[in-house]
Amino acid sequence: MDTTFHYPPELFSLLVDTIPLLCRSKKDVLLFFQGAGVKKKVMNDLWYRLDTDPNNINKYEIVQETLTRINELGEVTLAERREILKRVTEFEDFSICWPNDQYKAKGLVYDIRQVVNVKDSFTRINIEREKERKKHQAEQNEKVRKIQQKKIKIKRIKDDLYSLFGMSEEQSQKRGKLLEEILNRLFEENSILLREAFEIVGDSKEGIVEQIDGVVEIDGYIYLVEMKWWNKPLGKGDVSPHLVSIFNRGHAGGILISKSGFTEPAITTCKEALTRKIVVLCELEEFVNLLENEGNLKDYLKTKINMAVMEKKPLFKPSI
């Protein structure tokens with residue numbers, strides 16, 4: 001609680017006991033409040049009583065009444081309460097007090113300083129705690145927002161992928177391009193560094209000599225990605241061009257994705273290639289299951305890569 005915003009009881013009592021000792025006369029008390037910014041209308045009746053019947057009012061009553069009134073006015077008199085407290089805590093010249101009041105005034109001012117320091121310390125602690133709480137809440141809200149955004153994006157990817165299954169064979173070329181774009185979005189949403197499809201043009205004007213569907217980076221290792229939407233399983237001759245592409249690159253592996261699976265000769269060929277390169281085979285169904293179960297693509301691919309390297313299983317399917 002900010003002590004300058006609303007005087008708590010212990011501080012209020014200390015001010016009632018102290019201010020009369022800092023002012024020699026009743027008029028000095030009223031002038032003290034006036035100097036602190038208290039409006040004259042707040043003290044009009046007190047001035048009147050002092051002028052008309054000075055013996056029927058004392059310094060303590062003036063302080064009690066004035067502090068009560070400005071305390072009850074709330075935020076309107078915030079500046080006045082702050083100034084009063086400032087003037088009391090910064091009071092130094094006790095020689096202007098009555099001689100018999102000087103030591104008592106010093107002690108009371110000291111007590112008020114202690115109360116204010118403690119209250120302000122708690123206020124600062126509470127403010128810092130509140131700032132930390134709000135910061136933590138904001139961070140949590142941001143995390144929730146990102147999770148919700150990711151879920152929305154993943155749902156769109158899933159819906160777009162499912163829509164491909166309804167396309168006719170006449171749209172196969174368009175479907176292939178859309179598959180590339182959808183899976184690239186899935187890679188990106190799973191924090192896998194990605195370079196989308198690109199083509200290699202020959203140096204002797206022979207046109208496009210190589211087309212790469214995409215390139216991803218997993219744990220610092222580069223993988224060329226190829227995606228096939230065919231009606232029959234990919235055979236040895238169908239996977240060979242992909243293997244040639246990765247063999248022609250020094251530090252690169254390969255990820256081959258097929259909607260229709262792979263023949264045993266194709267799997268055997270890729271298994272043999274594992275002696276020189278990391279080759280991972282994926283069926284499109286694996287990505288569908290991964291999306292259905294909200295699995296992590298990066299972790300899933302890491303498991304497939306590890307099994308390909310350690311146990312020479314290019315088509316290993318981890319549980320989700």
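Let's start with Asp-160, which is partly exposed at a relative accessible area of 29%; partly exposed sits between buried, under 20% relative accessible area, and exposed, over 50%, with a 1.4 Å probe and protein chains only. This is a predicted model, where local features need pLDDT of at least 70, side-chain atom pairs count only at pLDDT 80 or more, and totals for chains, interfaces and linings use all residues. Residues are numbered from 1 along each chain as its sequence is written, and side-chain values use heavy atoms, with hydrogens and water left out.

So which residue does Asp-160 meet in a salt bridge? The partner is Arg-185, at 2.9 Å from N to O; a salt bridge here is a side-chain nitrogen of Lys or Arg within 4 Å of a carboxyl oxygen of Asp or Glu. Asp-160 belongs to helix H6 (residues 102-164) and Arg-185 to helix H7, so the two tie together parts that are 25 residues apart in sequence. Helices are DSSP runs of H or I with at least four residues, strands are runs of E with at least two, and both are numbered from the N terminus. Arg-185 is partly exposed too, at 23% relative accessibility.

The structure holds 18 salt bridges. Another one links Arg-49 and Glu-61 at 3.0 Å, N to O. Arg-49 sits in helix H3 (residues 40-52) and Glu-61 in helix H4 (residues 59-72), so this pair ties together parts 12 residues apart in sequence. Glu-226 and Lys-228 also meet, at 2.8 Å, N to O, and Glu-226 counts as buried at 13% relative accessibility.

Now, a charged residue without such a partner. Arg-81, in helix H5 (residues 78-89), is buried yet has no salt bridge, and the nearest side chain of opposite charge, Glu-80, is 6.7 Å away. For charge, Lys and Arg count as positive, Asp and Glu as negative, while His and the chain ends are not counted. What does lie 2.6 Å from a polar atom of the Arg-81 side chain? That is the backbone oxygen of Ile-70.

On to the strands, friends. Strand S3 (residues 221-228) has six of its eight residues buried. S3 pairs with strand S4 (residues 252-258) in the parallel sense over seven bridges; pairing takes at least two DSSP bridges between the strands. From S3 the chain passes through helix H8 (residues 236-247) to S4 in a right-handed β-α-β crossover, meaning that, with the strands pointing away from the viewer, the path from the first strand over the helix to the second runs clockwise.

Terms used
Polar contact = N/O pair within 3.5 Å; in protein donor to acceptor, adjacent residues only side chain to side chain.
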